[in-house]
Protein chains: 2
Amino acid sequence: MTIPGGDVKGSGKAAAKKAKAPKEKNGKNRHLHAVIMAGGRGTRFWPVSRETFPKQFLRIFGEKTLLQGTIDRLDGELPPDNFTVVTTVNQAELVRWQTRDVIPAQNVITEPMGRNTAPAIALAAFKKRKADKNALLLVLPSDHYVRDTAAFISAIRAAVPFAEAGKLVTFGIVPTRPETGYGYIKAGKARGKGVFRVERFVEKPGIEKAREFVTEGSYLWNSGIFLFSARTVIEEIKKHMPALYKAFAGIEKHLGTAREQKAIEDAYGLIEEDSIDYGVLEKSKRVCVVRSDFGWSDIGSWNALEDVTGADHGGNVVLGNSVNIEPEGSIIFSSGRLLATIGLRGMAVVDTHDATLICPRDRVQEVKKLVEKLKQEGKGEYLLPSVEERPWGHFSLLEKGPGYQIKHICLKPKARLSLQMHNHRSEHWIVVSGMAKVQRGDEIFRVNKNESTYIPVAVKHRLENPGLIPLKIIEIQSGEYLGEDDIIRFDDVYGRETGR
Amino acid sequence: MTIPGGDVKGSGKAAAKKAKAPKEKNGKNRHLHAVIMAGGRGTRFWPVSRETFPKQFLRIFGEKTLLQGTIDRLDGELPPDNFTVVTTVNQAELVRWQTRDVIPAQNVITEPMGRNTAPAIALAAFKKRKADKNALLLVLPSDHYVRDTAAFISAIRAAVPFAEAGKLVTFGIVPTRPETGYGYIKAGKARGKGVFRVERFVEKPGIEKAREFVTEGSYLWNSGIFLFSARTVIEEIKKHMPALYKAFAGIEKHLGTAREQKAIEDAYGLIEEDSIDYGVLEKSKRVCVVRSDFGWSDIGSWNALEDVTGADHGGNVVLGNSVNIEPEGSIIFSSGRLLATIGLRGMAVVDTHDATLICPRDRVQEVKKLVEKLKQEGKGEYLLPSVEERPWGHFSLLEKGPGYQIKHICLKPKARLSLQMHNHRSEHWIVVSGMAKVQRGDEIFRVNKNESTYIPVAVKHRLENPGLIPLKIIEIQSGEYLGEDDIIRFDDVYGRETGR
């Protein structure tokens with residue numbers, strides 16, 4: 001089996017949500033748009049996140065993925081149509097899949113390539129301004145954590161009048177520790193209740209500076225969350241990033257038309273990589289900051305897991321299957337296998353099906369180096385996901401050996417894979433839960449729990465879950481060549497070419 | 001499939017070895033018997049060793065297992081008939097399997113239960129004295145390492161005349177570091193070249209004492225290797241351990257007869273657990289020591305891996321699949337999955353298919369505690385082997401999930417499992433290498449590479465490798481109950497009852 005993209009029917013939640021009227025207390029929220037940035041790459045949470053499965057798609061921080069949580073947090077504040085996700089080509093399918101119940105598929109804007117936040121925001125701003133000249137853009141990273149949703153909403157509401165009045169509003173978090181991993185915003189004169197002029201932005205400081213900042217009191221963590229009108233941010237981009245402005249102004253007339261995607265590709269060919277912080281906010285005179293305290297974390301490394309889950313009395317974060325003797329200040333995270341530890345002090349241990357990371361917590365930033373080293377040493381397979389989510393369900397690689405690999409595949413009720421064929425491998429399906437409907441050549445038959453079937457090389461086949469409970473199968477692929485590209489599709493309803 | 005015991009035909013090596021005449025330079029070696037003690041339990045090398053698969057059976061220290069190496073080291077010094085292994089009931093099958101090419105099966109003496117070294121040696125001594133009143137017993141732990149075989153053989157040869165003269169000869173190793181994990185022997189007056197009177201035995205010392213011992217020069221590590229005549233050790237047991245003597249003297253007439261095993265069981269019902277060191281050697285006046293230097297290690301913990309493999313210039317022992325940034329003084333051992341580490345200092349990391357140990361090297365002795373904790377917390381499954389060796393080949397558990405488990409099974413050429421049936425599980429076999437002959441109900445058919453077959457619940461079946469290369473299959477068992485005891489055998493040629 002290999003892995004068509006696309007979508008399945010929503011669970012009905014989307015419909016329910018649409019029926020719920022948005023709270024439009026003052027008639028202004030209809031201009032408020034959430035612009036969620038989902039372009040991050042997956043290196044800092046390796047081995048759980050992978051290059052093609054970055055942090056925003058992970059569920060390790062709760063029942064929902066970080067992306068889903070970002071949308072959920074604004075539930076009721078703005079209508080589903082006002083959510084937009086900006087992502088890159090290679091993540092668009094995953095974004096659509098994870099947001100399918102709550103926002104319309106056309107609200108996923110695809111960048112041809114990642115170019116940091118300034119181009120992504122410019123693109124969203126031009127598109128939204130075209131549809132609504134009073135559009136307000138609440139820019140949100142897709143992979144941050146917020147503990148206190150009510151405080152978060154209050155902060156947004158406090159910011160709205162300033163954004164309407166032409167300010168670029170940032171959200172500065174009251175620091176709880178001398179963190180060296182965040183940039184800081186120095187708040188200046190008060191402009192309103194909890195809203196201040198920005199005196200300056202400060203790059204990630206050393207520990208001494210960070211301590212001073214926390215003591216001094218007017219320094220806030222730069223959360224990377226912003227609110228401004230599309231009009232204002234475009235004006236400021238024009239002023240401070242003229243090349244970027246020019247690229248998008250040149251294609252503006254195509255946005256919202258059939259030529260849009262081509263036009264965007266052309267524009268991205270012209271622009272440079274840059275952040276909105278550096279390109280606009282640090283230069284603009286129109287920036288203010290909402291002093292905020294909503295339990296925020298950018299979850300920038302394994303250390304930040306503690307921000308989300310809290311720690312036990314020994315300062316440990318212990319998740320998953322483990323037995324630990326006297327751990328202290330350590331992160332012990334297992335995806336299923338047993339971790340057995342003795343006397344860990346300030347260590348991070350992260351276990352996945354195919355790889356285990358072991359590292360002192362004060363060096364977790366070097367996971368990036370490790371990922372580089374894996375590439376250099378020809379171990380790139382460990383940068384691919386061990387669990388992959390798909391519209392029809394998910395699968396994970398259990399084991400790989402000479403001439404075979406074993407996957408655990410879960411198909412949602414009513415899900416169905418494409419009719420396909422492989423030239424170099426046979427496939428063996430064992431149903432361990434649920435019931436499968438199998439097409440093999442001209443036969444169509446059912447395979448019940450604890451039964452199996454076998455698809456020889458070069459025989460057309462299709463797998464389907466006709467039932468009402470998930471279909472779980474073990475698939476063993478065997479053959480000389482097991483690449484995902486050994487697939488010929490006969491009814492690719494999703495119009496995909498690649499194996500995955 | 002489940003797991004008959006027993007044996008397969010030897011590879012011809014045994015025959016070849018038998019044809020080779022033993023070196024009997026002085027006509028005395030025919031009295032020399034190696035008595036190999038293979039009763040150790042597998043906790044200190046968890047998770048690689050398991051309760052039912054202790055260290056002596058592991059191959060991690062070289063191509064041969066430690067047990068096989070112990071026999072190999074004496075190759076040519078004594079004839080195959082003069083090797084005896086004393087083991088316990090639950091390890092006897094594994095011992096016979098791993099020694100099948102070199103020593104006769106009847107030379108594996110089975111204790112009904114482990115009772116430490118004194119009863120094991122007493123049993124061997126009574127048996128050997130009955131067959132040969134001049135028998136010399138070279139007592140060897142089965143799970144030690146010796147780097148310099150020639151030096152080892154020289155030490156044995158130096159000891160023989162003393163043993164013949166009625167001495168209890170110990171082998172004391174010149175210490176290379178202030179080791180606190182070993183007992184020490186203080187050498188006294190010289191009795192011959194490199195052979196000394198024993199002044200006293202010293203229990204495992206503290207680090208200060210250990211340092212003194214190394215400086216002082218006459219303290220040697222007690223290797224647990226001994227040489228004495230059966231007659232002498234029985235005399236000394238009679239003198240210092242009268243109860244033990246009485247138990248075996250009472251059953252002596254049955255040794256070598258059909259009633260032997262029953263008699264041994266009766267004797268073991270009467271005796272206490274004790275070591276030969278404590279029971280005899282520390283009390284006897286007839287003890288001497290050969291000052292030895294043959295690169296010995298008892299491989300008493302993961303730290304000792306370094307004694308066997310040496311360390312790299314950073315003091316690390318790195319074995320298996322890993323990528324490491326700046327490790328120092330660490331042991332990093334993978335059985336296949338990827339270990340990715342940053343900045344490890346003095347840590348031991350040991351990875352197996354189902355469990356990973358992470359521990360500072362100075363606390364590896366606490367693995368025993370961890371094993372206890374696993375039992376207490378209901379995780380006893382991790383005390384079972386992940387790879388099990390069998391006469392017909394080996395198998396390992398790849399994955400276990402709700403309602404299924406997956407095994408990788410390797411059958412040697414011509415090997416064959418029993419005809420069997422399961423009441424609660426179906427089995428699915430995928431051939432990934434070689435060719436299988438399958439009996440299923442009344443059918444007999446072949447399953448080629450990349451093909452599969454399926455054995456429904458309650459259908460008699462048999463798996464066989466009729467070919468000349470190993471048969472490798474993936475087996476998925478699925479059903480509500482997957483215990484090894486769900487097996488009914490129809491032609492158990494090995495006379496075994498249990499599932500494994």
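Figure 1. The buried residues of helix 8 of chain A pack against helix 4 (117–131), helix 7 (230–240) and helix 9 (260–270) of chain A. This is a predicted model: local features need pLDDT of at least 70, side-chain atom pairs count only at pLDDT 80 or more, and totals for chains, interfaces and linings use all residues. Residues are numbered from 1 along each chain as its sequence is written, while chains are lettered from A and ligands numbered from 1 in the order in which they are written. Helices (H or I, at least four residues) and strands (E, at least two) are DSSP runs, numbered from the N terminus. A residue is buried if 20 or more other C-beta atoms lie within 10 Å of its own, exposed if 12 or fewer, and partly exposed in between; C-beta atoms are placed from the backbone. Which residues of helix 8 (residues 242–251) of chain A are buried? They are A:Leu244, A:Ala247, A:Phe248 and A:Ile251. These residues sit on the same side of helix 8 of chain A, because they cover an arc of only 85° around the axis. The arc is that of the directions from the helix axis to the C-beta atoms. An α-helix has 3.6 residues a turn, so residues three or four places apart point the same way.

**Figure 2. Helix 8 of chain B and its cover.** In helix 8 (residues 242–251) of chain B, the buried residues are B:Leu244, B:Ala247, B:Phe248 and B:Ile251. Their arc around the axis is only 85°, so they lie on the same side of helix 8 of chain B. Their cover includes helix 4 (117–131), helix 7 (230–240) and helix 9 (260–270) of chain B.

**Figure 3. Helix 7 of chain A under its cover.** Helix 7 of chain A has these buried residues: A:Ala230, A:Thr232, A:Val233, A:Ile234, A:Glu236 and A:Ile237. Among the elements that cover them are strand 4 (136–141), strand 6 (168–173) and strand 9 (219–229) of chain A. Helix 4, helix 8 and helix 10 (276–281) of chain A are also included.

**Figure 4. Two nonpolar cores.** A nonpolar core is a set of buried Ala, Val, Leu, Ile, Met, Phe, Trp, Tyr and Cys residues joined through C-beta atoms within 7 Å. The largest has 231 residues. Which residues have the most contacts inside it? They are A:Leu137 and B:Leu137. Leaving aside neighbours within four places in sequence, B:Leu137 is in contact with residues including B:His33, B:Val35, B:Phe228 and B:Val233. Two residues are in contact if their C-beta atoms, placed from the backbone, lie within 7 Å. A second, separate core has 37 residues, including A:Val431, B:Phe395, B:Leu417 and B:Trp429.

**Figure 5. The contact between chain A and chain B.** Chain A gives 48 residues to the contact, and chain B gives 48 residues. On the side of chain A, the largest share is six residues, from strand 17 (residues 355–360) of chain A. That side has 25 nonpolar, 12 polar and 11 charged residues. Here Ala, Val, Leu, Ile, Met, Phe, Trp, Tyr, Cys and Pro count as nonpolar, Asp, Glu, Lys and Arg as charged, and the others, Gly among them, as polar. Strands cross the chains too. Strand 15 (residues 338–342) of chain A runs parallel to strand 17 (residues 355–360) of chain B, joined by four bridges. In that strand of chain B, B:Leu357 is the bridge partner of A:Ala340.

**Figure 6. Parallel strands within chain A.** Two strands pair if DSSP finds at least two bridges between them. Strand 12 (residues 317–319) and strand 14 (residues 331–334) of chain A are parallel, with three bridges. Strand 14 of chain A also pairs in the parallel sense with strand 16 (residues 347–351) of chain A, over four bridges. A:Phe333 is the bridge partner of A:Leu319, and A:Val350 is the bridge partner of A:Phe333 in strand 16.

**Figure 7. Backbone details in the loops.** A cis peptide bond joins A:Trp46 and A:Pro47, with omega about 5°. A:Pro47 is in the loop between strand 1 (32–38) and helix 2 (66–72) of chain A. In chain B, a cis peptide bond joins B:Trp46 and B:Pro47, with omega about 10°. Most residues other than glycine have a negative phi, and most peptide bonds are trans. A:Lys414 is not a glycine, yet has a positive phi of about 70°. Is A:Lys414 buried or partly exposed? It counts as partly exposed, because it has 14 C-beta neighbours inside 10 Å. B:Asn450 has a positive phi near 70°. B:Asn450 is buried, because 24 other C-beta atoms lie within 10 Å.
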